[in-house]
Amino acid sequence: MSAIYTTDEYGRPFIIVREQDKKSRKSGIEATKSHIMAAKTVANIVRTSLGPRGLDKILISPDGDITISNDGATIMSQMAIENQIGKLLVELSKSQDDEIGDGTTGIVVLAGALLEQAEELLDRGIHPIRISDGFEKACKIAVAHLDTVSDVIPWSKDDTSDLFKCAKTSLGSKIVNKCHDQFAQIAVDAILAVADLERKDVDFELIKMEGKVGGELADTTLVHGVIIDKDFSHPQMPKELKDAKIAILTCPFEPPKPKTKHKLEITTVKEFEELQKYERETFETMVRQVKECGANIVACQWGFDDEANSLLLQHKLPAIRWVGGPEIELLAIATNGRIVPRFEDLSSEKLGSAGTIREMSFGTTNDNMIVVEHCANSKAVTVFVRGGNKMIVDEAKRSLHDAMCVVRNLIVDNRVVYGGAAAEISCSIAVEKEADQVSTIEQYAMRSFARALDVIPMTLAENSGLPPIETLSYVKSQQIKQGISSLGVDCMDTGISDMKEQFVFDPLISKRQQFLLATQLVKMILKIDDVIVHKNDEQ
């Protein structure tokens, strides 16, 4: 009821009409079409970033921070999308990034293409539930077909050439492609250094990415150890130590203080001298305890004042202060040391050991970093990324992370499908063939699913400067004629369409996840038929 009849305190009647502007509502096909429109708009933003010739996007935050990237997940997460359906696509790319680590652009483009096809079917009068069922059937066929066209790539710790090729495919579309081979090798070496090959598991916590502006991308290196963005606490401390025994402390180098608020009154010179003496003795006791346990370097989570620093120098005990929480944990893992919370707990068994600890300086600036190498536990590694500016360093880190995820996926499951949209074209042909066997109305949705898969090769061709429809028609006809499922779009214009010869691989689990997640999201969007929005009073 939109109006209420009532009376005031004098008994005079009046009608209260409820404000209708506070609520807006869309229902039925109109709601579904508005959702499809929103999702298509978001998908079209990242569409030009797909493939090795994909273009980058520049994203400026409200604070003025600039990000340049063509990584789908990064672009999506940094766009301030208000629309709820648009946010679902952001979540879609995030879930692909969290689970697989690569293929975040492709999954958004595929979801946008499926929704575009769904819109055409809705215009024909087909019910959204029937479209969802057809897409579900087609997705099952496509995923089953992926298994039949996949190849197993053999690899071992001694022969990593195939892992290297897959890492190269991932890096092909990134800003680092001028140092293609170097970055691919770093990704493979980093993953194999920390991988547990028996359990087929990779702990990314053991791989640290450290970046420093200056130098060029080619100066990027993999350090089998830890890099700490600090310097030694005193400039006169030695710059390099061999056979280091590290005491890793989380207690401060200072006299103990009461935990609550305290006030200390000193009225005479004698009292002041006694306090000074107590402080000095406390510092000397701390330094002695560290020396007695056999440590020859200290890494402390907290700072210490000049007096403690001077004492450490006198006792020839180099120290690093203000080492952050994650860094101190990684240092403990790498050196097989224990983090010690109290000086009394120090013992020789709790010390970490490393072959060398050295201070590394950069250019004309006073920037220094500590490098801990040849550690007791070789599982912890650090990738040290260099670049001309902060944006390039950040994008290089993201690119390397994607490549590492690809290598990780191949350690978990070493089956691959061929890139250059060869897998999508092959699945499209298989789905179209199956659709002819289906007698119900779902056959229309299945054919639409096949057409949506064709959008990926067309987008790749478009982004590479090739005629999209001609390229797709040629590759599709060649796949059917020759029966070779590895024929794809020749984005780099090498004259070879066979992706097997070009060594363009995609992990099978990545492609399968793309199909399943995109179909799942599209089904969910098609099932929404009513949107009720309560507007704020200010609006």
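Reader: Which residues in H11 are met by H7?
Author: This is a predicted model, in which local features need pLDDT of at least 70 and side-chain atom pairs count only at pLDDT 80 or more, whereas totals for chains, interfaces and linings use all residues. Residues are numbered from 1 along each chain as its sequence is written, and side-chain values use heavy atoms, leaving out hydrogens and water. Helices are DSSP runs of H or I with at least four residues, numbered from the N terminus, and contact means heavy atoms within 4.5 Å. From H7, Phe183, Ile186, Ala187, Val188, Ala190, Ile191 and Leu192 meet, in H11, Ala396, Leu400, Ala403, Met404, Val407, Arg408 and Ile411.

Reader: Are H7 and H11 roughly parallel, roughly antiparallel, roughly perpendicular or oblique to each other?
Author: Axes are lines fitted to C-alpha atoms, for helices over the stretch in contact, with angles from 0 to 180 degrees between N-to-C directions. Angles under 35 degrees count as roughly parallel, over 145 as roughly antiparallel, 65 to 115 as roughly perpendicular and the rest as oblique. The axes of H7 (residues 180-194) and H11 come within 9 Å and cross at roughly 55 degrees, and the two helices are therefore oblique.

Reader: How far apart are the end C-alpha atoms of H11?
Author: The expected span of a helix is 1.5 Å times one less than its number of residues. Because H11 (residues 390-412) has 23 residues, it should span 33 Å, and this agrees with the distance between its end C-alpha atoms, 33 Å.

Reader: How are H12 and H13 directed relative to each other, roughly parallel or roughly antiparallel?
Author: The axes of H12 (residues 422-435) and H13 (residues 442-463) come within 8 Å and cross at roughly 165 degrees. These two helices are therefore roughly antiparallel.

Reader: How far apart are the axes of H5 and H16?
Author: H5 (residues 128-149) and H16 (residues 508-526) are therefore roughly antiparallel. They pack at an angle of about 175 degrees, and the distance between their axes is 9 Å.
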